[in-house]
Amino acid sequence: MSDRNQFALLLSGGGARAAYQLGVLKAIATFLPRNHGIPFPIICGNSAGAINATGLACYASCYHLGLRKLEWVWKNFDTRQVYDSGVRDVFKHLTGNFLSSFLTEKNQKTPSSLLNNQPLRHLIRQHLDFQRIDTNIDRGYLRAISINASSYTSHDSISFFQGHSELKAWQREQRRGLPCTLNSEHLIASSAIPMLFPPVKMLGEFLGDGSIHQLSPLSPAIHLGAEKILVIGVEQPERISRFTDMQNFPSSIAIAGHLLDTIFADTLKSDLERLERINNTIAHMTYKQRQLTQLKTIDCLVINPSVNFNEMAAKHFHRMPSGIKILLRMLGLHDKADSSLLSYLLFEKEFCRELIALGMKDGLARQDELRAFLQV
C-alpha cells in the first residue's frame, strides 16, 4: 500500500448527517474488488465523521468489510444509542444541570450539557476494536488515522493521530498534532457538540467537538503526507437567504442550527479556497522556487449532498423518542421550524437509511470523477 500513501480521506462532522458519508463510501466500493484494502491509507475525521473514520481504520485491510460493519450500525440506529432521550432520563439530566448551576465554577465537579451522551460511549466500545488499527498500520494497509478535537482550555485544534513511526508531532498557530494510541475517549471528545454534549477531560485539557477551533481542516491530512484528499462534507446544496423577515426576529433554535452549520461547513470551505490559491501560486513558480519554499500541490475532490438535509429531517420528526421530542418542542423546534438542529440530532434508522441512499446516489453520479481521482 506504500504506493498509495499520498491518498487521504477527510470526513467532516455533522451528527446524524454523517450517515451520508457512508453512502458515498459505498458508491466507491462498487468499483473496487471485494478483497480490496482501503483506497486511502490516510484517514482524518471530525466529530461524527471521526467515528466513521475509525471504523474504516479498524478494517483497513478489507474496505468492503469495514463498510458493512458501519452500515449495520447506521441502518439500525436508534437515538437512544447516542444520548438518553426518554422522558425520565432527559428531565433527570436537566434537573441535575439546573441544580449544579447554583454551584461556583470551582465546585463544578461534573460536566453540564443539554443531553447525556453516555450511551454513545457504550456503542463505540461495543463496535470498534481499536487494537486492529496498529495491526493494519504494521501490515501496510493504513498509514495514519487522525481524529480532531478542540481544546476549551488552550483554544487549540488538536489532531490526535496514530500511524507510522516516522510521522512526527507538529505545532502551528492554534493547531497541534499529537501522536497517540486512539481509544473511545478521543471519539467522544471529537463528537461532543458544544452545549449539546459534555466536554471530555483529557491530558489536562477540556476537549469538545473537533470542528470548533479547526481553522484549517485540511491540515492534518497534509501533515500526514497526503497529496490527494477526498473530502466528504455535509454542506447544504444551496445557500438560501434566511432571516430576511425584518418584522420578526429569528428564534433561538434557528440561530443554534445556523451556528452548527457554520461550525461544520464554513471553515472547510474557506480552507479549500486557500488551498486553491496556494496551488495557483505554485503553478507559477520555478522548480527552484518550489524547492526553497517546500510547497507542494494538493489535489482535492469534494462531495457534498445534493439534497437539503433539513427538509429530509423534518419528515422524520415524529420518530424522535418522546423525551427529546418534548424537550425540542419546549425549545421551539418542531417539524415546521426553520432550523438545522434536527438534522444533527435525528439518529433514527429511517432518516439514516435515507441519508445513506442519498450518499450512494451522489457518489454514483460522480463515479467517473472518483475513479479518476483515486486512480482505481
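Biologist: At what N to O distance do the side chains of Arg274 and Asp271 meet in a salt bridge?

Modeller: A salt bridge is a side-chain nitrogen of Lys or Arg within 4 Å of a carboxyl oxygen of Asp or Glu. For Arg274 and Asp271 the distance is 2.6 Å. By this rule, the count is 13 salt bridges. This is a predicted model, in which local features need pLDDT of at least 70 and side-chain atom pairs pLDDT 80 or more, while totals for chains, interfaces and linings use all residues. Residues are numbered from 1 along each chain as its sequence is written, and side-chain values use heavy atoms, without hydrogens and water.

Biologist: Where do Arg274 and Asp271 lie?

Modeller: Both belong to helix 9 (residues 252–283), 3 residues apart, about one turn of the helix. Helices are DSSP runs (H or I, at least four residues) numbered from the N terminus.

Biologist: Is Asp271 buried or exposed?

Modeller: Buried means under 20% relative accessible area, exposed over 50%, and partly exposed in between (1.4 Å probe, protein chains only). Asp271 is buried at 5%, and Arg274 is partly exposed at 32%.

Biologist: Which parts of the chain does the salt bridge of Lys26 and Glu71 link?

Modeller: The side chains of Lys26 and Glu71 meet at 2.7 Å, N to O. Lys26 is in helix 1 (residues 19–29) and Glu71 in helix 3 (residues 63–75), so the pair, 45 residues apart, links distant parts of the chain. Lys26 is partly exposed at 21% relative accessibility, whereas Glu71 is buried at 16%. Lys26, Glu71 and Lys75 are linked in a network of salt bridges.

Technical notes: Helices (H or I, at least four residues) and strands (E, at least two) are DSSP runs, numbered from the N terminus.
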